[in-house]
Amino acid sequence: MSNSDFGNNNAFWMPFTANRQFKKQPRMLVSAEGMHYTSDDGRTILDGTAGLWCTNAGHGREQISQAVSQQIRNLDFAPTFQMSHPLPHQLADRLVKHSPENMDHVFFTNSGSESVDTALKIALAYHRAKGNPSKTRLIGRERGYHGVGFGGISVGGLGNNRRAFGSLLTGVDHLPHAYLPEQAFAKGQPPEGAYLADALEDMVLLHGAENIAAVIVEPLVGSAGVYVPPQGYLEKLRAITLKHDILLIFDEVISGFGRIGTPFASTRFGITPDLMTTAKGLTNGALPMGAVFAGNHIHDAFMHGPEEVIELFHGYTYSGHPVAAAAGLATLDIYEQEGLFDRALELEEYWQTAVHSLRRYDEVKDIRNLGLVAGIELHSGDKPGSKGYEVFTHCFWKGNTLVRCTGDTIALSPPLTINHEQIDQLVAALGDAIESLKN
């Protein structure tokens, strides 16, 4: 298959892509199986990013395709507004068996962005339901990524995602990020930096706890470049939010479904948030689907008043879509049958040793890792982001590997099915690409 088979390459306005640059030399993937893609020029490409943080069980899973095929023939669509069908109920029941304690309710969406906006709306509505309507302020964090809805980019902390879109939501503030220079080359959670959570107390003094509805953070920062929370940091955030009746939302769109060695990052860190946003690995990337997990106290606060009254005026046409739910159920079967929620912990030490071997290159500024995630930050040159892009393209064209660049940081998040040999291959290809920067 050649590039000519993809039309004139002009009609598709690609997301998060330098479109004019890409279309001069397209990077096309045409099939996938297991740990590998096949490119349009017939090369086998090792997937070092689980697609886009989502194919946690690897590609081409027959269980998922069969479940989707059967379901679309049986029931292609059914509404979930004042009607329903069995699958989202079955999936929700299965999911909460893996959720943190007392998070027994699931609201289905279609993406991580929708999950974030849903969680923010639930947080605002919760405080109103509890008789605290002044609690409307939302607090995000610098370097946070929470999708691309107006709520998500408002609480998000990435400048490029925000600056072109005006004033965004009002009443939003941001905690400082939790990365310190002395954390460089830490393995796992860095020991320094828990005190950075105390900035939330300063915001309480500034805005008043009676005006703050929720704090949203990624327990493990992904898209901004892989930042691992300092030891004790998340625990402090949880303590402060409980003290001031502020909801804590964990954005687990990336860290969920086994990415760091437990079903969710919250279970690894032993912290139960009030709301938890998910997507990506929920269906192994096979179909769009997201889910918001809600603490029992959140859900139950809405279940008052006349039974015939809609409790939450929110939802999507495709919430709990039957075909997506079938994909989610089949994906969960694979995770459970193959022990993939534990896989990242089993591989963590080998993975950590492999990625930290890249410290030998002068171009490497820092390496951050946890579970089966790693960020390799490069020293920026005259054009920030150019080195990261060079490494990314070198890996694809010459190393036959797919990595992700976010600025000058290379992010790695391979499928949980990766083995030692493939880890070595991925790191070797990345090393060759970093070495090429000298030329």
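Reader: What makes a residue buried here, and which residues of α15 are buried?

Author: Buried means under 20% relative accessible area, exposed means over 50%, and partly exposed lies in between, with a 1.4 Å probe and protein chains only. The buried residues of α15 are Gln422, Ile423, Leu426, Val427, Ala429, Leu430, Gly431, Ala433 and Ile434. This is a predicted model: local features need pLDDT of at least 70, side-chain atom pairs count only at pLDDT 80 or more, and totals for chains, interfaces and linings use all residues. Residues are numbered from 1 along each chain as its sequence is written, and side-chain values use heavy atoms, with hydrogens and water left out.

Reader: How do you know that the span of helix α15 agrees with its 17 residues?

Author: Helices are DSSP runs of H or I with at least four residues, strands are runs of E with at least two, and both are numbered from the N terminus. The expected span is 1.5 Å times one less than the number of residues. For the 17 residues of α15 (residues 420-436) that gives 24 Å, and the end C-alpha atoms are 24 Å apart, so the two agree.

Reader: Why is serine 413 called buried?

Author: Its relative accessibility is 2%, so serine 413 counts as buried. Serine 413 sits in the loop between β15 and α15. Its side chain reaches the backbone oxygen of threonine 49 at 3.1 Å. Contact means heavy atoms within 4.5 Å. Beyond neighbours within four places in sequence, serine 413 contacts Gly48, Thr49, Ala50, Trp53, Arg259 and Leu372.

Reader: Why is threonine 38 called partly exposed, rather than buried?

Author: Its relative accessible area is 26%, so threonine 38 is partly exposed. Threonine 38 lies in strand β2 (residues 36-39). In β3, threonine 44 stands opposite threonine 38.

Reader: What makes β2 and β3 a pair?

Author: Two strands pair if DSSP finds at least two bridges between them. β2 and strand β3 (residues 44-47) are joined by 3 bridges and run antiparallel. Their hairpin has 4 residues between the strands, and glycine 42 there takes a positive phi near 85 degrees. β3 also pairs with strand β13 (residues 401-402), in parallel, through 2 bridges.

Reader: Why are β11 and β14 said to stand at the edges?

Author: The open sheet has 4 strands in the order β11-β12-β15-β14, with antiparallel pairing. β11 (364-370) and β14 (404-406) each have a single partner strand, so one side of each is left without a neighbour in the sheet. β14 pairs with strand β15 (residues 409-412) over 3 bridges. In that pair, cysteine 405 stands opposite isoleucine 410.

Reader: How do you know that cysteine 395 is too far from cysteine 405 for a bond?

Author: A disulfide is a pair of cysteine sulfur atoms within 2.5 Å. The closest cysteine sulfur to that of cysteine 395 is in cysteine 405, 9.9 Å away, so the two are too far apart for a bond. The structure holds 0 disulfides. Cysteine 54 is in none either: its nearest cysteine sulfur, that of cysteine 405, is 17 Å away. Cysteine 395 is buried at 0% relative accessibility, and cysteine 54 is buried at 15%.

Methods
Polar contact = N/O pair within 3.5 Å; in protein donor to acceptor, adjacent residues only side chain to side chain.
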